[in-house]
Amino acid sequence: MQHCLKAGTLAVVLLVMITSCSPFQKLQKTGTDDQKYQAAVTYFKKGEFYRAGLLFEELIPILKGSTESEMAQFYRAHCEYQQQNYQLSSFHFKQFYETFARSDYAHEAMYFYALSLYKDSPNYNLDQSNTLTAMAALQDFINAHPQSPFRQECTQYIAVLRDKLELKAYDKAKQYYKTSSANIANYRSSVVSITNFLREYPDSKYNEELAYLRVDAQYNLAKNSFADKLKERHQEVVTYYLALVDKFPKSPDLKKAERMYEDSRKELETIANQEKEKLNQQQKPAKVTATTAN
């Protein structure tokens, strides 16, 4: 009997929970557009961005053309940003400043569009297409609003993203180098990646290490090359070594690099002697054989 009463009580509680509505749900079902808009603004100011976003999302198609439409779209974009839905917030902020280009909030919307892209930039070891998009958006904002109070922040964000691209490029060059012993073609890829890195990031903290690794990779590439490539590739060892000495005369790897340099110079001397000998052979006059007349 007692078990039946408990079961009945539970059923009543469940029924009340199912049939009853929260004030928010009642507002969604029966509230006027004005009541929903005012409530959405209140929720937004209280930091209840999920509920505010739901209401603004519902109201925007209805409010189209009204004075509240502009602010509803601006608030909706901020709701997504505050919930860390950065892809959605970037979309809505961009849509806002393109639609309401003369709005007092267009400047802020353009900033938060770029900031959303910045926040959505992936880890350095992933594809960096979004990072490049974010950098372009931040630079566009700076160009469009050179006197903006957000300018300094945008400059700092660009520097952070550039560091991420730098780390990505460094990691790529190192990966080629680390796998070169298993695949000789990766020595060449390593040299190319390092050369591109040194050109693109001339002041990088990784340059001293990479300048040495380029000598090492090029030397190993030369040592494993066919005869027709030996001269060119040993010459590049010499070139890269001299660049290392010139830029980093106190490098701790200088002695190791110097051994490779000296070995490449000896190889080049050998090749030069072989070429000279071959040339001499070609320049010798043909031996004349006397014929006896009949």
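How closely do the axes of helix α9 and helix α11 come, and at roughly what angle do they cross? In this predicted model, the axes of α9 (residues 151-178) and α11 (residues 207-223) come within 11 Å and cross at roughly 30 degrees. Because angles under 35 degrees count as roughly parallel, α9 and α11 are described as roughly parallel to each other.

**Helices α9 and α11**

- The crossing of these two helices, α9 and α11, is left-handed, and the contact involves Tyr-170, Lys-174 and Tyr-177 on the α9 side, with Glu-209, Leu-210, Leu-213, Asp-216 and Ala-217 on the α11 side.
- Sorted by class, the residues of the contact between α9 and α11 comprise five nonpolar and three charged, with no polar ones.

**Helices α10 and α11**

- Helix α11 also packs with α10, where the two axes come within 9 Å and cross at roughly 150 degrees, and α10 and α11 are therefore roughly antiparallel to each other.
- The crossing in which α10 passes α11 is left-handed.
- From α10, the residues that meet α11 are Tyr-187, Arg-188, Ser-190, Val-191, Ile-194, Thr-195, Phe-197 and Leu-198, and their counterparts in α11 are Asn-207, Leu-210, Leu-213, Arg-214, Ala-217, Gln-218, Asn-220 and Leu-221.
- The residues of this contact between α10 and α11 divide into nine nonpolar, five polar and two charged.

**The largest pocket**

- The largest pocket holds about 220 Å³ of space, and α9 and α10 (185-200) each supply at least two residues of its lining.
- Lining the largest pocket are Gln-128, Leu-132, Leu-165, Lys-168, Ala-169, Lys-172, Ser-193, Asn-196, Phe-197, Glu-200 and Tyr-201, which divide by class into five nonpolar, three polar and three charged residues.
- Phe-197 is listed in the lining of the largest pocket and is also among the α10 residues that meet α11.

**Helices α12 and α13**

- Helix α12 (residues 227-247) packs with helix α13 (residues 254-283) at an angle of about 145 degrees, their axes lying 9 Å apart, and the crossing of α12 and α13 is left-handed.
- On the α12 side, Leu-230, Lys-231, His-234, Gln-235, Val-237, Val-238, Tyr-241, Leu-244 and Val-245 take part, and they meet Leu-254, Ala-257, Glu-258, Met-260, Tyr-261, Ser-264, Arg-265, Glu-267, Leu-268, Ile-271 and Glu-275 of α13.
- Twelve nonpolar, three polar and five charged residues make up the contact of α12 with α13.

Methods. Residues numbered from 1 in each chain as written. Predicted model: local features only at pLDDT ≥ 70, side-chain atom pairs only at ≥ 80, totals over all residues. Heavy atoms only, no water. Axes fitted to C-alpha atoms, helices over the stretch in contact; angles between N-to-C directions. Helix = DSSP H or I, 4+ residues; strand = E, 2+ residues; numbered from the N terminus. Parallel < 35°, antiparallel > 145°, perpendicular 65-115°, else oblique. Left-handed = near helix turned anticlockwise from the far one by under 90°. Contact = heavy atoms within 4.5 Å. Nonpolar A, V, L, I, M, F, W, Y, C, P; charged D, E, K, R; others polar. 1 Å grid on protein atoms, 1.4 Å probe; cavity = no way out; pocket = protein on both sides within 12 Å on 5 of 7 lines; lining within 4 Å. Points joined across faces, edges and corners; volume = space filled by probe spheres on them.
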